[in-house]
Amino acid sequence: MTSCHIAEEPIKKVAIFGGTHGNELTGVFLVKHWLENGAEIQRTGLEVKPFITNPRAVKKCTRYIDCDLNRIFDLENLGKKMSEDLPYEVRRAQEIYHLFGPKDGEDSYDIIFDLHNTTSNMGCTLILEDSRNNFLIQMFHYIKTSLAPLPCYVYLIEHPSLKYATTRSIAKCPVGIEVGPQPQGVLRADILDQMRKMIKHALDFIHHFNEGKEFPPCAIEVYKIIEKVDYPRDENGEIAAVIHPNLQDQDWKPLHPGDPMFLTLDGKTMPLGGDCTVYPVFVNEAAYYEKKEAFAKTTKLMLNAKSIRCSVH
Amino acid sequence: MCSLPVPREPLRRVAVTGGTHGNEMSGVYLARHWLQAPAELQRLSFSAVPVLANPAATAACRRYVDHDLNRAFTSSFLNSRPTPDDPYEVTRARELNQLLGPKASGRAFDFVLDLHNTTANMGTCLIAKSSHEVFAMHLCRHLQLQYPELSCQVFLCQWSGEESYNLDSVAKNGLALELGPQPQGVLRADIFSRMRTLVATVLDFIELFNQGTAFPAFEMEAYRPVGVMDFPRTDAGNLAGTVHPQLQDRDFQPLQPGAPIFQMFSGEDLLYDGESTVYPVFINEAAYYEKGIAFVQTEKFTFTVPAMPVLNPAPSPAS
């Protein structure tokens, strides 16, 4: 499989998901308002559907009810026999799959944007699942250029074991939009403004593409996940050290071997081992304590995209 | 009224409570640490007892299970007959009242320090009941003098005529430390370390008092609530806008009539239409959305705190 196979056909159906995690409020707020008044997200010739994916979690302002909706869009969960005994999110995943998928179906959605917040200091982040998706690399290049000088980072989660089955992965072109730092359960105006701009540029790109504009070959810098690092824990499994003050809020900045990484409750510094510089992301994300992830190590690399042009005018 | 006169004897029975809200992590981790290693809570004339106030909410990393524990210490909750359907926190409040109180009785603990975090940019905030709490006011002054770089602000939370409902009101004297901004469920090293240092200094102050140190009268500046403002909402009760960028993170700074306070989805600004300058606090606190509070309006005022009577120096306890 090379690039997204619809790259030369116009994009027809786009969805914008909010509330995949019910306490990440920017997406919840935007989608709820776009459901009332969607003028801002309309583009000629394009169907853009805003959608709340986890309404029960949104109502309770919690990340999830039974299990994390953004981890269960794999074949096994999607294939389970529907029953009241299934966790709420598994039932919901199947409903969403029928509405927006299946991935290669005729009526399925071309692009799904899934809106998220993080407590980490990650700024504007685009999440890419497939390094060979020319169309999305071009889109991300356009968004980054349009947002400049506001930084916009690309996080590549392509990895044999660490990639997870996201809600958006049921579309041909899944796009994660992650903006932080914002506490769970809080809606900040500055973060809202940033996410809104990211969506605007993304939709503008799709519109330009559909109108026949050619996008020449380009390259973008991406941060590719290498491994996840847990907190040091004691014999009871309780956290025994905190993200070191020198690493706190330093997402995307180089962390060298020997640099402080954790600080124990007794005041001892634990440095990064090994011999490679890494770029930490999701540093001190609240929701990842239970997933045993203090931060993720990434490596920086360039991704190239071929030129793209919509053939149908 | 629950406040008792200034202490005339050394304070012996002191508690430090963390995890009153189970997702405010500085206090949760400090309480857990001290329950394993209480040495740093010991002083010559007393030892402070660490308490994990809301174990079930802490285990679930939530603010509360059924009901906000820090609103459950009114006489109505504490003294009504227990039933099997009681919310978890009501039962827990009664247990804590047995352990640290009973509230308003002679058997209550001498002092309770309650540890909190907020998502609001409140820096280091010291929360006491009222300006009449002479011991607490001297303690706040001591913290301000020890740490001028922290700009500790004093917030006097009790509305006049209203009964106290918070955990530290079960003791004869109490104070809450409210440190932010920190997201719920996140443990930041800088805030954790600051909380720990402040607790140590609170216990040092109690030791100084117990040893007969003199604390003369002084003038104190503090903030007390005069109102609350909810978010603008749609007919369905959803948020129609959010805290304006010019108000966000500006806790304890003056808000003038006509200044923007909310930004609507449309981009339109809503302006503050009060008649006088107020000082907003708890601006955009996550836990207050469900309470209908976008920020608390306070007024700044100055008052005299009388000198504390000097104790005869306390002998160390035998054990």
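Is A:Ala165 buried or exposed? At 19% relative accessibility, A:Ala165 counts as buried, where buried means under 20% relative accessible area, exposed over 50% and partly exposed in between, with a 1.4 Å probe and protein chains only.

This is a predicted model, in which local features need pLDDT of at least 70 and side-chain atom pairs count only at pLDDT 80 or more, while totals for chains, interfaces and linings use all residues. Residues are numbered from 1 along each chain as its sequence is written, chains are lettered from A and ligands numbered from 1 in the order in which they are written, and side-chain values use heavy atoms, with hydrogens and water left out. The model scores ipTM 0.95 and pTM 0.95. Chain B has a mean pLDDT of 95, with 97% of its residues at 70 or more; pLDDT is the predictor's confidence in each residue, from 0 to 100.

**Stop 1: the annotated binding site in chain A**

Select A:Arg63, A:Asn70, A:Arg71, A:Tyr164, A:Ala165, A:Thr166, A:Thr167, A:Arg168, A:Glu178 and A:Tyr288, which UniProt lists under "binding site". From this set, A:Arg63, A:Asn70, A:Arg71, A:Tyr164, A:Arg168, A:Glu178 and A:Tyr288 belong to the lining of the largest cavity. UniProt positions are given in the numbering used here, feature names are shortened, and annotations may be inferred rather than shown by experiment. On a 1 Å grid over the protein atoms alone, a cavity is a set of points where a 1.4 Å probe fits but cannot get out, and lining residues have an atom within 4 Å of a point.

Return to A:Ala165, in the loop between strand 5 (152-156) and strand 6 (173-180) of chain A. Helices (H or I, at least four residues) and strands (E, at least two) are DSSP runs, numbered from the N terminus. Leaving aside neighbours within four places in sequence, A:Ala165 is in contact with A:Asn70, A:Arg71, A:Ile72, A:Phe73 and A:Asp74, contact meaning heavy atoms within 4.5 Å.

Next select A:Arg168, which is placed in the loop between strand 5 and strand 6 of chain A. A:Arg168 is buried, at a relative accessible area of 1%. Not counting residues up to four places away in sequence, A:Arg168 touches several residues, including A:Asn70, A:Asp114, A:His116 and A:Glu129. Its side chain makes a polar contact with the side chain of A:Glu129 at 3.2 Å. A polar contact is a pair of N or O atoms within 3.5 Å; within protein, one must be able to donate a hydrogen and the other to accept it, and residues adjacent in sequence count only if both atoms are side-chain atoms.

**Stop 2**

In strand 5 of chain A, four of the five residues are buried. Strand 4 (residues 123-128) of chain A runs parallel to strand 5 and is joined to it by five bridges; two strands pair if DSSP finds at least two bridges between them. Within this pairing, A:Leu128 has A:Leu156 as its bridge partner.

Move to A:Arg92 in helix 4 (residues 88-100) of chain A. A:Arg92 is buried, at 12% relative accessibility. A polar atom of its side chain lies 3.1 Å from the backbone oxygen of A:Ile52.

One joins A:Gly101 and A:Pro102, with omega about -10 degrees; A:Pro102 is in the loop between helix 4 and strand 3 (111-117) of chain A. Another joins A:Ala148 and A:Pro149, with omega about 10 degrees.

**Stop 3**

Select strand 3 (residues 111-117) of chain B: seven of its seven residues are buried, so the strand is largely enclosed by the rest of the structure. Strand 1 (residues 13-18) of chain B runs parallel to strand 3, with four bridges, and B:Thr17 stands opposite B:Asp114. Strand 6 (residues 173-180) of chain B also pairs with strand 3 in the parallel sense, over seven bridges.

B:Glu178, in strand 6 of chain B, carries the UniProt annotation "active site" from an unreviewed entry. B:Glu178 is buried, with a relative accessible area of 8%. Its side chain reaches the backbone nitrogen of B:Thr118 at 3.5 Å.

**Stop 4**

B:Cys61, not a glycine, has a positive phi of about 50 degrees and is partly exposed, at 35% relative accessible area. Phi of B:Phe252 is near 70 degrees, and B:Phe252 is buried at 9%.

Definitions and conventions: On a 1 Å grid over the protein atoms alone, a cavity is a set of points where a 1.4 Å probe fits but cannot get out, and a pocket is an open set with protein on both sides within 12 Å along at least five of seven lines; lining residues have an atom within 4 Å of a point.
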